[in-house]
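Please consider the sequence and the three-dimensional structure shown below. The paragraphs that follow lead through selected parts in turn.

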Amino acid sequence: MTRCMSRWIAAALLWAAIAPAAGAETLAATVEQWGLLGSWAVDCAARPDRDKGALLTYEIRQDGRVMYRRNFGEARDESEVVSATVNAEGLLNVMVYFPSLRQAREFGLLLLKDGSLRAIYNRSERGEYTIRDGKYVATGAPTPTQQRCE
């Protein structure tokens, strides 16, 4: 009986040690498996413009860091994605640190059945939303879908 119990305890300890590691994915693996990598825009044929639509690019660097580049035409920046998780509904929750703003922002992205991407929320680290429930807070207009640009 004691031998059986000690085997069971050893098996339980081994499972407890391995299970979290097996379920844990790297940040790079999460964004790659979800389908975020590449460039996205409302209109891939249009030149990037702050008012008419930016070109947003997500990439994995050789050192494993996930980077987020924004091209607004006259202005560009690059920031590091510091976390990404997928919730039960398939929403990708991404946190990006913007050095130029000296703040992190969190946004939720939904990959639609047609392969397009839509922002569902965008908030500052203080909880101030610019997008909530798929709508711009300032205007109430729905966020546009973004297409993957080749």
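How many disulfides are there, by the rule that a disulfide is a pair of cysteine sulfur atoms within 2.5 Å? The count comes to 1 disulfide. The structure is a predicted model, in which local features need pLDDT of at least 70 and side-chain atom pairs count only at pLDDT 80 or more, while totals for chains, interfaces and linings use all residues. Residues are numbered from 1 along each chain as its sequence is written, and side-chain values use heavy atoms, with hydrogens and water left out.

The disulfide is formed by C44 and C149, whose sulfur atoms are 2.0 Å apart. Distant parts of the chain are linked by this pair: C44 belongs to the loop between β1 (38-41) and β2, C149 belongs to strand β10 (residues 145-149), and 105 residues separate them. Helices (H or I, at least four residues) and strands (E, at least two) are DSSP runs, numbered from the N terminus. The angle about the S-S bond is -85 degrees, and the link of C44 and C149 is left-handed. In general, a disulfide is a covalent bond between the sulfur atoms of two cysteines. For accessibility, buried means under 20% relative accessible area, exposed over 50%, and partly exposed in between (1.4 Å probe, protein chains only). C149 is buried because its relative accessible area is 14%, whereas C44, at 36%, is partly exposed.

The next topic is helix α2 (residues 27-34), in which the buried residues are A28, T30, V31 and W34. Why do the buried residues of α2 line one face of the helix? Seen down the axis of α2, they fall within an arc of 165 degrees, so they line one face; the arc is that of the directions from the helix axis to the C-beta atoms. Exposed residues E32 and Q33 are carried on the face of α2 turned away from its buried side. The cover over the buried residues of α2 includes β2, β3, β4, β5 (92-98), β6 and β7 (117-124). After α2 comes G35, with a positive phi near 105 degrees.

Among the strands that cover α2 is β3. Strand β3 (residues 66-71) is itself mostly covered, with 5 of its 6 residues buried. Two strands pair if DSSP finds at least two bridges between them. Strand β2 (residues 55-60) runs antiparallel to β3 and is joined to it by 6 bridges, with T57 opposite R69 of β3. The hairpin of β2 and β3 has 5 residues between the strands, and there G64 takes a positive phi near 95 degrees. Strand β4 (residues 76-86) also pairs with β3, in the antiparallel sense and over 6 bridges; R76 in β4 is the bridge partner of N71. The hairpin of β3 and β4 has 4 residues between the strands, with G73 at a positive phi near 85 degrees.

Strand β6 (residues 103-111) includes Q103, which counts as buried because its relative accessibility is 14%. The side chains of Q103 and R105 are joined by a polar contact of 3.3 Å, a polar contact being a pair of N or O atoms within 3.5 Å; within protein, one must be able to donate a hydrogen and the other to accept it, and residues adjacent in sequence count only if both atoms are side-chain atoms. Leaving aside neighbours within four places in sequence, Q103 is in contact (heavy atoms within 4.5 Å) with V96, Y97, F98, S124, E125 and R126.

Two residues in loops remain. R102, in the loop between β5 and β6, has a positive phi of about 55 degrees although it is not a glycine. R102 counts as exposed, at 70% relative accessibility. D133, in the loop between β8 (129-132) and β9 (135-136), is not a glycine either and has a positive phi of about 55 degrees. D133 counts as exposed, at 63% relative accessibility.

Key
Disulfide = S-S within 2.5 Å.
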